[in-house]
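I set out to record what I looked up in this structure, entry by entry. The sequence and the coordinates come before my notes.

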Amino acid sequence: DGVDDFVENILLFLPFGFAWACWSCRKGWGRFWGPGVALMAGAGLSFAVEFLQLFLPTREASWSDVLSNALGSLLGHSLFAIVGNRVLSFVSGWEGGIERILSPRRIVAIFLAYAALGCGVSAGLQESTHLRNWHPADTLRLGTGLGGRPSWPGRIFEVNLASKALRLEKSGEAPRQGSERAPGYGGVPFPKDSEGLVDPPPGTGLLATRVVQQIQKTNQFTLKIRCAPADVSANASGVILALPDLDGPDDFDLVQHGRGLTFALRTADLGKTGRWDLHWGDIFKSPEPREIILTYDGVNLAGYVDGRKAPHTLRLTPGAILVSRFKGVNPYNVRGYGTMYDFLLFAPLGVLLGFAARKPFSQPFFSRVVLASGLFLPSLLQEGILAGVSGRPFHFGNLILGICVALGAWLTLNSDLRKSPAYSAAHTGDGRPARDPLPGPAVDPPTSSLPELH
């Protein structure tokens with residue numbers, strides 16, 4: 001894993017070094033200063049990133065990352081010296097060819113088709129995170145030793161399974177009242193005796209048919225359990241609670257592994273073969289009772305221990321589902337999977353908008369409406385579809401992310417645009433020079449006659 005991480009950090013900074021080389025060559029820094037400055041710039045940027053990770057509980061700062069990122073920047077600079085002019089000439093040629101082929105009407109048609117395809121694929125992927133594969137006849141088992149797995153010798157004081165996700169306080173902490181008292185819950189609390197249900201025998205069950213049927217409809221649940229471990233050693237293990245399936249793996253289970261805790265969830269996407277895992281360490285450092293809450297809103301699986309949010313959260317976005325089709329999903333990277341998926345969906349739409357900005361319709365007002373709609377509506381439609389399919393709330397942050405990705409691709413495409421007579425005529429209709437939509441220094445596309453480094 002250490003070697004893979006080192007290589008990945010080198011690859012991460014290759015584009016940075018490549019772009020820095022292109023800029024430094026225009027500044028005329030030469031063969032000696034250019035690589036040196038690229039190395040220092042990569043190391044400086046990497047150091048800033050690693051320093052910020054000191055304040056993130058789920059990340060670790062490493063001098064090894066600084067070294068590998070700096071090497072990646074240097075290699076990217078060297079790569080530009082070898083193939084930079086060829087790559088930029090090739091890309092510029094394709095850009096010009098695509099611009100000649102695309103008319104305003106073709107741009108609109110391709111944009112609508114790609115946006116519809118992206119929303120359809122996203123809806124299909126998000127649909128696979130549903131809990132419809134849970135069996136209504138399942139029984140909630142406490143301290144289960146079923147399937148040859150070790151039973152849990154700890155004490156269970158309270159259990160509640162509800163059919164809605166827990167609404168969190170603004171502080172990020174779970175409400176202190178019991179989930180069976182929370183408004184809107186259709187949960188079934190486990191019956192308690194006068195002593196508070198102390199030490200139930202392994203295999204003690206609760207018929208959860210009605211609440212499982214409600215969970216299948218809402219695609220949400222909240223599980224609350226207050227328990228105390230009997231063993232806090234590194235070798236302790238046992239299934240605290242499980243909702244076993246009749247024909248396969250558990251729909252979910254909560255397992256003690258040493259001082260840590262693992263919650264595994266099975267969704268429709270993974271069928272009978274696999275599940276999503278959420279891990280926490282050092283939960284059971286002492287035999288004191290712990291109040292554990294797990295809540296799932298159709299996308300986000302979060303946990304709370306004694307009212308405080310656990311450091312890791314699973315986000316079952318279309319990006320995470322897509323990655324799971326080809327490889328194992330790393331719980332630490334699920335948020336990144338969603339961001340990469342949004343980039344793959346909205347960056348091409350932004351590129352099309354960039355071409356559309358170069359070739360407006362005859363009516364300027366209509367062109368502005370088309371561009372504004374193209375920038376805003378796909379992200380709005382995507383977020384609305386995903387919220388409706390999964391049952392989770394509408395998140396404006398996802399809406400803004402999609403708009404920013406599309407806008408960034410649009411501006412990047414036209415950032416070095418140099419007006420030509422044909423370009424000006426296309427924008428004004430009378431051959432007069434058009435106002436540069438993005439003021440700044442004009443850049444000519446590279447040619448094969450340019451020196452390798454200058």
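In which helix is F47 found? I located F47 in helix α3; helices (H or I, at least four residues) and strands (E, at least two) are DSSP runs, numbered from the N terminus.

Basis of the entries. I worked on a predicted model, in which local features need pLDDT of at least 70 and side-chain atom pairs count only at pLDDT 80 or more, while totals for chains, interfaces and linings use all residues. Residues are numbered from 1 along each chain as its sequence is written, and side-chain values use heavy atoms, with hydrogens and water left out.

I then found F47 in a nonpolar surface patch together with F51, L52, L54, F55 and W63, with about 750 Å² of accessible area together. Patches are made of residues with over 30% relative accessible area and no salt bridge, with like charges joined within 9 Å and nonpolar side chains (Val, Leu, Ile, Met, Phe, Trp, Tyr) within 5 Å. A salt bridge is a side-chain nitrogen of Lys or Arg within 4 Å of a carboxyl oxygen of Asp or Glu. Accessible areas come from the Shrake-Rupley method with a 1.4 Å probe; for residues, only the protein chains shown count as cover. Helix α3 (residues 30–53) supplies the largest share of the patch, three residues.

Entry on strand β8. Why is β8 largely enclosed by the rest of the structure? I found six of the six residues of β8 (residues 260–265) buried, so the strand is largely enclosed. One side carries G260, T262 and A264, the other L261, F263 and L265, and all are buried.

Entry on the strand pairing. Two strands pair if DSSP finds at least two bridges between them. I recorded six bridges between β7 (residues 252–257) and β8, which run antiparallel. V255 has T262 as its bridge partner, and D253 stands opposite A264. The two strands form a hairpin with two residues between them, and G258 in the turn has a positive phi of about 65°. On β9 (residues 276–280), β8 pairs in the antiparallel sense over five bridges, with L261 opposite W280.

Note on methods:
Buried means under 20% relative accessible area, exposed over 50%, partly exposed in between (1.4 Å probe, protein chains only).
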